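Visitor: I am new to protein structures, and I would like to learn how to read one feature at a time. Could you take me through an example?

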Amino acid sequence: MQDIIPARRGRASVVGYTPLGEQWARDRAAAAASTEADTGRRGIGRSRFAAALDFSLGGSGTVRATAARQELAESSSTVRFTGAGETVTATRSGANPGELSVHSSGTDAQPWTLPLADWQQWLGQTLFGLTGADDEPSYRSLMAYYLRDADHGGLNDPIRHHAKQPAVESLPPLAHLFGLDPALVEAAKTLQASRRHLRSSQRGDTDLPNGQRLSDATASRDLANLTAELATLELERAEAAADASWRSTRAVAGGLATDPVAATAALDAKLAALRARRAAVARYADAHAELQRQALELRESVRSDLRGRHDRLTAASNLFTRYAYEMFGPSRPAALTVAARDHGYAFYPVLGGEPGAGVGAMTLFCFDLAMAVTAHRAGTGPDFLLHDRALYADLPVADAAAALDLAARVCAVEDMQYLVVLDQPKLAEVGRYDPALSYHECTVLTAI
């Protein structure tokens with residue numbers, strides 16, 4: 001049994017959700033076993049509600065993805081958006097996930113079929129203010145921060161919505177939500193792509209010894225070493241050609257050969273290989289130096305951009321600090337810092353104090369709430385945020401109650417909705433700890 005509770009509905013709710021999956025509990029034994037196995041285990045099995053809501057909001061609609069979840073493959077879900085005197089209703093079926101049936105109260109037309117790509121485009125415009133510009137993030141990369149997927153590590157790190165997400169890929173959506181310069185994000189992605197291309201080129205270059213990898217720190221040093229080796233070998237080659245006594249002296253010393261012609265040819269071969277290797281290293285040293293120059297320029301541009309956006313970033317950091325303070329007081333100093341790095345922007349949400357259970361989860365909670373409020377105020381994010389059951393599974397009851405109470409008060413002020421999926425025992429435990437907690441229980445999922 002799982003309860004879905006928006007901590008507080010705003011005065012004019014924008015998103016209302018109606019599940020239509022009558023067949024979700026068809027296999028009673030399997031559903032009961034799955035619920036029992038998942039109870040209290042963090043990050044194991046995304047709740048049916050979160051999965052269905054993500055599906056309604058344009059999540060993966062491939063046959064393989066929906067077939068893996070019986071509740072999606074055998075049912076449909078409807079999501080309604082209300083605003084500006086219009087209600088838009090969209091129904092998506094697991095049997096036909098590539099399109100939706102859409103209706104608007106602003107027209108007399110009957111419901112019409114809309115391709116999934118068009119639905120995602122409309123959601124991007126409506127929820128995030130996307131215009132279709134080349135340097136904008138995708139709609140789904142933005143929504144992934146509002147519907148984090150615990151199954152894929154979405155609750156492990158505030159900055160990443162997927163455990164395998166490269167840091168540079170987190171920049172476009174976060175830059176949009178926090179109001180940073182998208183052009184600098186694109187520059188960071190281009191720089192990262194250039195570095196990957198350089199590494200790939202090194203792996204395929206036959207002039208480099210097998211397994212050699214050159215970095216910014218080693219390229220110049222290796223080039224200097226090769227230059228010294230080459231100079232010494234060239235001197236040895238010159239002496240071999242000019243010194244008539246070379247054969248006898250090398251023979252006594254146990255040299256490469258006793259034949260001057262064969263020895264000279266061997267030295268020529270070594271020289272050719274060494275020159276080719278040095279030329280390759282020189283190319284990569286120059287490339288690394290150029291990328292380093294671009295990285296330094298990017299860092300300075302990011303610093304300049306951060307100075308220009310100081311007020312907005314300070315406001316976002318203050319939200320993060322205030323939310324942490326209201327839950328923990330001075331025992332956990334907190335700040336959200338955005339810094340300039342060679343790869344562009346870097347986000348550092350910090351919740352200090354003594355280590356303890358749930359610190360990572362509460363860091364992510366404060367970050368998400370500050371992010372959602374910041375974006376909503378600027379018109380670049382929706383007025384709702386959902387956290388799945390895994391975020392609260394390991395939290396002490398006092399922390400869970402404090403988070404839910406804070407979300408209720410913040411969303412009442414900001415005219416937003418905070419939705420959370422909780423296991424029934426956790427909700428009962430929180431209710432006993434804080435009987436005055438304000439929330440609205442909108443849906444109960446049970447295996448009957």
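Guide: We shall go from the whole chain to its helices, its strands and its charged side chains. Please keep in mind that this is a predicted model.

Visitor: How many helices and strands does the chain have, and what share of its residues is buried?

Guide: The chain has 16 helices and 11 strands, and buried residues make up 45% of its 448 residues. The chain exposes about 21100 Å², of which carbon and sulfur atoms supply 53%. If you consider the contacts with a separation of 6 or more, 68% of them are accounted for by residues 24 or more positions apart.

Visitor: How should I read a helix, and which residues of helix 12 are buried?

Guide: The general idea is that an α-helix has 3.6 residues a turn, so residues three or four places apart point the same way. Helix 12 covers residues 310-328, and its 19 residues reach 26 Å from the first C-alpha to the last, close to the 27 Å expected at 1.5 Å a residue. The buried residues of helix 12 are Leu313, Ala316, Ser317, Leu319, Phe320, Tyr323, Ala324, Met327 and Phe328. Seen down the axis of helix 12, these buried residues fall within an arc of 145°, so they line one face of the helix. The face turned away from that buried side carries the exposed residues Asp311 and Tyr325, and just after helix 12 comes Gly329, which takes a positive phi of about 70°.

Visitor: Where are the buried and exposed residues of helix 16?

Guide: In helix 16, which spans residues 424-433, Lys426, Leu427 and Val430 are buried. Seen down the axis of helix 16, its buried residues fall within an arc of 100°, so they line one face of the helix. The exposed residues Pro425 and Arg432 are carried on the face of helix 16 turned away from its buried side.

Visitor: Now the strands: which way do the side chains of strand 9 point?

Guide: In a regular strand the side chains alternate between the two faces of the sheet. Strand 9 covers residues 384-387, with Phe384 and Leu386 pointing one way, Leu385 and His387 pointing the other way, and all of them buried. Strand 9 pairs with strand 10 (residues 417-423) in the parallel sense over 4 bridges, and His387 stands opposite Val420 in strand 10.

Visitor: In which sense do strand 7 and strand 8 run, parallel or antiparallel?

Guide: Strand 7 (residues 334-341) and strand 8 (residues 344-351) run antiparallel and are joined by 8 bridges. The two strands form a hairpin with 2 residues between them, and Val338 stands opposite Phe347 in strand 8.

Visitor: What does Arg299 touch, once residues up to four places away in sequence are not counted?

Guide: Arg299 has its place in helix 11, and it touches Ala340, Arg341 and Asp342. The C-alpha atoms of Arg299 and Tyr345 are separated by 8.3 Å, although the two residues are 46 residues apart along the chain. Arg299 counts as partly exposed, at 22% relative accessibility, and the cut-off to remember here is that a buried residue has under 20%.

Visitor: How many salt bridges are found in the whole structure?

Guide: For this feature, look for a side-chain nitrogen of Lys or Arg within 4 Å of a carboxyl oxygen of Asp or Glu. A search of the whole structure finds 13 salt bridges, including one between the side chains of Arg303 and Glu300 (3.4 Å, N to O). Arg303 and Glu300 both lie in helix 11 (residues 260-308), 3 residues apart, about one turn of the helix. Both are partly exposed, Arg303 at 35% relative accessibility and Glu300 at 40%.

Visitor: In the salt bridge of Arg309 and Asp305, is each partner buried or partly exposed?

Guide: The side chains of Arg309 and Asp305 meet at 2.5 Å, N to O. Arg309 is partly exposed at 28% relative accessibility, whereas Asp305 is buried at 11%.

Visitor: Which residues are linked in a network of salt bridges?

Guide: Arg322, Glu326, Asp405 and Arg409 are linked in such a network. Within it, the side chains of Arg409 and Asp405 meet at 2.9 Å, N to O, and both residues lie in helix 15 (residues 397-414), 4 residues apart. Arg409 is partly exposed at 38% relative accessibility, and Asp405 is partly exposed at 26%.

Definitions and conventions. Residues numbered from 1 in each chain as written. Predicted model: local features only at pLDDT ≥ 70, side-chain atom pairs only at ≥ 80, totals over all residues. Heavy atoms only, no water. Buried < 20%, exposed > 50% of the residue type's maximum accessible area, 1.4 Å probe, protein only. Contact = heavy atoms within 4.5 Å. Areas by Shrake-Rupley, 256 points an atom, 1.4 Å probe, with all protein chains shown as cover. Pairing = 2+ DSSP bridges. Expected span 1.5 Å × (residues − 1). Arc of directions from axis to C-beta.
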